[in-house]
Each structure stands twice: as C-alpha cells, then as structure tokens.
Amino acid sequence: MTGAWASCLAGVAVLAAGCVAAEHAEPRDPFEVLSTADAPAGTAVSAADLEPTAAGAATWEDVETGVRFEIRTDAGGASPGGAAPDAARAVRTDPADERTLLRAADGAVAMVSQRDRADGAVTAFDPPLELAPATLEVGAEHRAESRAEVTRRAGGSTDHGRAVRTARLAAVDRIRTPLGTFDAPRVDVRFELEVPFAHLTRQTSTWIRPGEGPVAVRSEERILVMRVVPRERRSIRVRVPGGTAPAAATAGGSSR
C-alpha cells in the first residue's frame, strides 16, 4: 500500500487520481443480470438447450468461491430397464453429483437417478422424472411427478417418497458473463422431494444461450427434517471459456 501511494504522489495530479481509482477499484462479479424483460410471445427453449445429453465437457465457476470445475456428459450405453427402447442414455457428472439421463425420440429429457458423490446416496425415479419437454414455450408450465426411492449408501436404508418438479420459461434477461454480454431466456424450476420425516425444496434459475446451452445457474435449497431446518444452501454457477460444450443439435443444461 505504501509503495502504491508514493508512486501516485510522485506523478502529476491526473496520474495520481488514476492510481487512487485503481487502488480502490472493486473487482467485478463474473455474472450479473443487467435487465429483465417479459419473454415475447413465441419464445421457446428446446430440451437440447436446457438439458444436454450429448457427449462433451464445459468449464464452470462457483461465483462465491471462484473455484472452477468441469461438468462432463458421457453419452451412450444401454437404456435402464423400463425405459422406452428408443431412448438414448447419458450420464452427467459434476463435483456434487452424477445423473443418469434419458433422451426420448422426440427430444424430451428425463432423469432416471442421481448419485450424491459425497456420501454415495442414490435417488432413483420411477418412472424417470421428466426434466424438460421437447420444447418449453413461454406461458406454459411443465409439471412432472414421479415416485422416488432414496438409498442413503450402498447397502444402507432406503426411503420411499415422491418428487414433483415444475418448470417455466419466466423471462428474457440481459446478462453479463465471462462468455460475453447477451440476452438469455431464463427458466425457473421448483423441485420438491418428500420422504418420511424429510422434505427437500430446491428453486433454480437457469439462463440459456440458444445453440450453446446453459450459461449460468442460480439455486437455493432447503431441507426440513422433523420440521427442523438442518441445511440451507445457495449457489450461483457461471460457465467460463474452456471445455467442449455439447453440440446444439443434441445438447442442453443442468437443473434439477
């Protein structure tokens, strides 16, 4: 600090002012919503842009911590039992969890299961919980329900419950990200999972860049156990340059 101020005093007034400004400049967040507008009639988001299932990897950053990580999608393999014979399988992995997905012939994407990578707990959905219809249009709410089976760890106890998920194309926002500044449709999702003695609620907003998939995700999660709140978690993730995003023709994003 002392050296910086000495340098400022040694220069002319204009340069000094510039040094002071630089000294106190605040770093910019990697993600910002600049403005919000209603989505025009006819606006739609494809499942390929909302929930990617094509093979590829993308680099993301946790806005709060600055930690960067990779979200990877591996496509192919046999469809799980009970799935439509023409459904395509994919596995999406990030630092938190691993999801097994199915893409139907019409493009709709559903989740078969999710494994927590920290404790190994697995949530299976029967039938697979639809995450995105082939096309999500403004003004329409997409709702999906499924039975849920939560196994806490391999060989551990299993709880049975129900999952409900609603999604809607809420707005078109002007956003600034490491990928640039542009208009992005925003999809808002509410996910609820209820099993005996516990209730999880997660609300997620996902910003989409058509043809490239999700570019930012904001989520808030709350878990109630015996009517107590043992955990509340919030996060904002933003995509940064790097990795190979899935092709637009067969890809899309992440939001449970």
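Visitor: How many bridges pair β12 with strand β13, and in which sense?

Guide: Two strands count as paired if DSSP finds at least two bridges between them. In this predicted model, β12 and β13 (residues 198-209) are antiparallel and share 10 bridges. Val 187 lies opposite Thr 206 of β13.

Visitor: What is found in the hairpin of β12 and β13?

Guide: There are 2 residues between the strands, and Phe 197 has a positive phi near 75 degrees.

Visitor: Which strand does β11 join, and over how many bridges?

Guide: In a regular strand, side chains alternate between the two faces of the sheet. Strand β11 (residues 158-177) runs antiparallel to β12 (residues 180-195), with 15 bridges joining them. Val 172 has Pro 185 in β12 as its bridge partner. The link from β11 to β12 is a hairpin of 2 residues.

Visitor: How many helices and strands does the protein have?

Guide: Helices (H or I, at least four residues) and strands (E, at least two) are DSSP runs numbered from the N terminus. Here they come to 3 helices and 15 strands.

Visitor: What share of the residues is buried?

Guide: Buried means under 20% relative accessible area, with a 1.4 Å probe and protein chains only. Of the 256 residues in the protein, 43% are buried.

Visitor: On what conventions do the values rest?

Guide: Residues are numbered from 1 along each chain as its sequence is written, and side-chain values use heavy atoms, without hydrogens and water. Local features need pLDDT of at least 70 and side-chain atom pairs count only at pLDDT 80 or more, while totals for chains, interfaces and linings use all residues.

How values were computed: Buried < 20%, exposed > 50% of the residue type's maximum accessible area, 1.4 Å probe, protein only.
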